[in-house]
Amino acid sequence: MAEYRRRRPDSSTFVLDLLAEQLDALAPDGGRSHDVVDLGGGTGGSATALAGRGHRVTVVEPSPDALASLERRTAEAGLTGRITGRQGDAADLLDLLGPASADVVVCHRVLDVVDSAADALAAMAAVLRPGGLLSLLVAQRDAAVLAHALAGHLALARQTYADRSRFDHGSVVRLVEAAGFTVVASHGVGAIAALVAESVLDAQPGARADLAALESEVSQDPAFRALAPHLHVLARVD
Ligand SMILES: C[S@@+](CC[C@H](N)C(=O)[O-])C[C@H]1O[C@@H](n2cnc3c(N)ncnc32)[C@H](O)[C@@H]1O
């Protein structure tokens with residue numbers, strides 16, 4: 001069961017590959033390098049991947065420890081000058097960066113830790129230039145309910161199901177639209193991968209490639225998307 005609950009490295013690769021494709025296809029003036037803000041970017045997993053593709057990334061992050069790790073990671077990756085760390089949180093975003101200063105805002109696994117998701121999304125909309133894109137990744141309630149139940153934590157599963165402050169596809173879309181965005185695409189992340197044991201992948205040649213292909217194939221199917229541990233939403237500011 002521990003394997004069921006583990007967050008696979010493939011899920012972050014899936015999201016970053018998806019985002020890179022979406023930026024190539026959809027970002028304003030496609031093809032050029034973009035000004036990206038990574039809100040709550042932590043130690044820079046997304047920032048280094050995006051800067052490595054030529055974008056300029058500003059990480060806005062409240063934790064000084066995470067910012068110190070980001071600085072080391074940036075230097076080790078040879079990306080100094082392409083990634084800037086700024087200490088602050090969602091409530092500081094507009095004051096720190098100013099209005100209409102970014103082409104893309106990345107907010108991955110942060111919306112459920114901010115004081116107000118609605119206020120944070122409004123600040124993200126305000127720092128984007130017209131037509132700018134939001135890349136949002138949130139944990140989904142229903143997958144957490146299943147994970148707790150399958151691990152035998154049934155009281156926690158019930159509590160999680162009853163917690164309406166947790167996100168699902170409908171609530172995220174409503175929040176994003178209320179902040180002035182139009183949803184361009186939404187993908188479930190990890191719907192299948194979270195359920196397949198590592199031993200199966202190790203035992204069968206080609207299994208990892210088949211799993212990655214299957215994940216991609218089911219990611220926009222509403223039935224699978226609803227059960228994915230994470231939801232990725234790409235939205236454009238109106
Ligand atoms: C689960 S981590 C996600 C890190 C990174 N975005 C990722 O996907 O790997 C949550 C991050 O949000 C940051 N954070 C916590 N409260 C925040 C707030 N109010 N505004 C912005 N970031 C916040 C934390 O310091 C942490 O780096």
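Residue A235 touches G132, L133, L134, V176, F181, T182, V183 and V184, with residues up to four places away in sequence not counted; contact is defined as heavy atoms within 4.5 Å. The model is a predicted one, in which local features need pLDDT of at least 70 and side-chain atom pairs count only at pLDDT 80 or more, while totals for chains, interfaces and linings use all residues. Residues are numbered from 1 along each chain as its sequence is written, and side-chain values use heavy atoms, with hydrogens and water left out.

A235 is found in strand β7; helices (H or I, at least four residues) and strands (E, at least two) are DSSP runs, numbered from the N terminus. The residue A235 is buried, its relative accessible area being 0%, where buried denotes under 20% relative accessible area, exposed over 50% and partly exposed in between (1.4 Å probe, protein chains only). Between the C-alpha atoms of A235 and L195, 40 residues apart along the chain, the separation is 28 Å.

Strand β7 (residues 230-237) runs antiparallel to β5 (residues 128-139), and seven bridges join the two. Within this pairing, V138 has L231 in β7 as its bridge partner. Two strands are taken to pair if DSSP finds at least two bridges between them.

Both strands belong to an open sheet of seven strands with mixed pairing, in the order β3-β2-β1-β4-β5-β7-β6. The edges are formed by β3 (83-87) and β6 (181-189); each has a single partner strand, so one side of each is left without a neighbour in the sheet. On average, neighbouring strands of this sheet are turned by 15° against each other, direction ignored. Axes are lines fitted to C-alpha atoms, for helices over the stretch in contact, and angles run from 0 to 180 degrees between N-to-C directions.

Strand β4 is mostly covered, with seven of its seven residues buried. β4 runs parallel to β1, to which three bridges join it, and V36 stands opposite V104 in β4. β4 also pairs with β5 in the parallel sense, over six bridges; here V104 stands opposite L133 in β5. Together with helix α6 (residues 117-127), β4 and β5 make a right-handed β-α-β unit. The crossover is termed right-handed if, with the strands pointing away from the viewer, the path from the first strand over the helix to the second runs clockwise.

Helix α3 (residues 45-52) lies across β1 (35-39), β2 (56-61), β3 and β4 (102-108), and runs at about 170° to β2. Helix α4 (residues 64-76) also packs on the sheet, where α4 touches β2 and β3, its direction making about 170° with that of β3.
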